Amino acid sequence: MCVRLLPLIIMTHLQKLRIPFIVKRVSSSFTQNNHRLSKSSLWPTGSHHIAQNPRFYRTKTVNLESENGHRTSHASGSENAGKIPLATRREAQAALLEYLHSTRSLQFVDADYMSRNSPLFLGKLLKRVDTEENNRRSIARFLRYHPINEFEPFFESVGLKPNEYSSLLPRSLIFLSDDAMLLENYYVLCRYGVARNKIGKMYVEAREVFGYDYGVLQSKLRAFEGGGLKQSTVVKVVVSSPYLLIGDASKAVIKIWEKLKSVGIEDDWIEGYLLEKNTYDWSHILELFCMLSKTGYTKEQLGGLICQHPGLLFDERTTFLLIGFLLKFGVTMNDISSLLLQFPQIQVGKFVENLRQCYHFFIELEMDVLDIGSIFRAHPGLLGSCSLKKLSSLLSSLNTGKKRMCEIIKNNPQELKNWVLGARTKPLPTLRKDWKEKKIKFLLDLGFVENSSGMKAAVRLFRGKGAELQERFNCFVNAGIDPKDVSEMLKVAPHVLNQSKDVIEEKIDFLVNGLGYPISSIVVFPQYLSYTVQRVKLRYSMYKWSTDRGTVDPKLALSTFISCTEPTFIRLYVNNHSEGPQVWEELKKQIYHD
């Protein structure tokens, strides 16, 4: 009632003083303020959206940024707060400080910290207050009649954004003093040395800690020190992994600390590596350390490995993934332990990502699965160090196809180093030129003289790549023929090497196992390889039938009845017996049909 009568009383006094020119302005101002106050309700318990930012006409403005480093760059903050003039901001902070300390009886240090480090809350508060006259007085008057949810500026001041703490606001409380255990455990952490702006992370990840009774949290923190950790180290450990303050989880940290000290790693090194923004699974770290210690490392090797590559231990999930990935390809634990000792200067996460990328690269290249496994077993360190370009890009820049690229990788996996991101890739030499060079090398090994007429003729006669010609040459050597005899044989009948490896092996097998001739028969009669197996089988079967009837000499050389013309063979080995023509036709039907 007093508030509503206030404009009327002031207007009456102004009229008595004969100041009519400002009566209208004051009346309008008080009417608007009275209307705003009558419509406002209690401050809501959750964060809410405000549609439009206020506009202030001032030359100097500041971004809404708190002392603990918060900015309004996230969605809710940029919409609710925007930019506030520096003077307005300071007055709002002072009004909030006065309210929290004088009205709500919070400790001055806490009230001051909350007012200075809750810029988004201040921006939302200013949206609801008429600040055209005196900002501090207007905010103080607003807070006098509209109690705020103190958990909002509190959570923001300890490092949380509105979208992070909105679900954490108590449903039935708006005053911090009503949650005594929250404040008590908050003070314990502050006194122990935990930065206030890190406590929000701890609250989100281990809310149970802030419900501990008096003395419980302090005893848990002291338990770490009892296990050999320094206070500064304990602060880093509990901030990064707040779950350690729940139950007996701290035992894993104390055990791993003892084991790290046993291999010569000091507290300062461990503390320097830990990052408060990361969360560590200390039980898994302990399991990984125990597994590594059983792979045959000495204490010096294990300590040196961890100091040189701490990520292998503290990024334990990625390391377990790496070990499992390699085990699936058949890499033994001994090979894995050797790989870790020679681990490249690269983050373990990037190493695993490169391995995955290489695997998908080989799959896209349509490489045989057995070849992929062989490369992974033989060169895991190389594959983990290479960040390969995309296959489509490489095929284009190398001017080649998938089949040839597969052969290059299988023959020399080190070539992958030339195909990594950032490396300049040159087109591969044309296959025709490459094949010719390999063919010339093969002929030189056979005994041909370079640039001779015989060499030129042989280049024209021998068909196939150099590697294929060598493979066919090896068929004869593997069958038991001396390499020198093979060379001489090819000079007499070079065309026999133009057949595929499978065909050559089939004909040699039929000669030795099917006909019973010695392998040396090929050296004497290399032209045998020029005929089909069906022709040799048909003529040999007819010749054998004739020798059984006594019509031909049983000691004839293979070349005698194989190399003669068709009419000559029929005249000498078929028509020399009355039943010969009939047997010949039956043999032809049987052999060629099969």
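Helices, as the word is used in these legends, are DSSP runs (H or I) of at least four residues, numbered from the N terminus.

**View 1. Ser521 in helix α31 of the predicted model.** Ser521 belongs to helix α31, which covers residues 521–524, and Ser521 is buried, with a relative accessible area of 15%, because buried means under 20%. Although Ser521 and Ala557 are 36 residues apart in sequence, their C-alpha atoms are 9.5 Å apart in space.

**View 2. Phe362 in the largest nonpolar core.** This core holds 114 residues, and those touching the most other members are Phe155, Trp282, Phe362, Met405 and Ile409. When neighbours within four places in sequence are left aside, the contacts of Phe362 are Met367, Ile372, Ile375, Phe376, Leu383, Ile409 and Leu416. Another core, of 43 residues, lies apart from it and includes Leu446, Met489, Phe561 and Phe569.

**View 3. The buried residues of helix α11.** Within α11, which runs over residues 196–205, the residues Arg196, Ile199, Gly200, Met202 and Tyr203 are buried. Seen down the helix axis, the buried residues of α11 fall within an arc of 165 degrees, so they line one face of the helix. These buried residues pack against α5 (108–116), α8 (151–157), α10 (180–192) and α13 (231–240).

Key:
Residues are numbered from 1 along each chain as its sequence is written. This is a predicted model: local features need pLDDT of at least 70, side-chain atom pairs count only at pLDDT 80 or more; totals for chains, interfaces and linings use all residues. Side-chain values use heavy atoms; hydrogens and water are left out. A nonpolar core is a set of buried Ala, Val, Leu, Ile, Met, Phe, Trp, Tyr and Cys residues joined through side-chain atoms within 4.5 Å. Buried means under 20% relative accessible area, exposed over 50%, partly exposed in between (1.4 Å probe, protein chains only). Contact means heavy atoms within 4.5 Å. Helices (H or I, at least four residues) and strands (E, at least two) are DSSP runs, numbered from the N terminus. The arc is that of the directions from the helix axis to the C-beta atoms.
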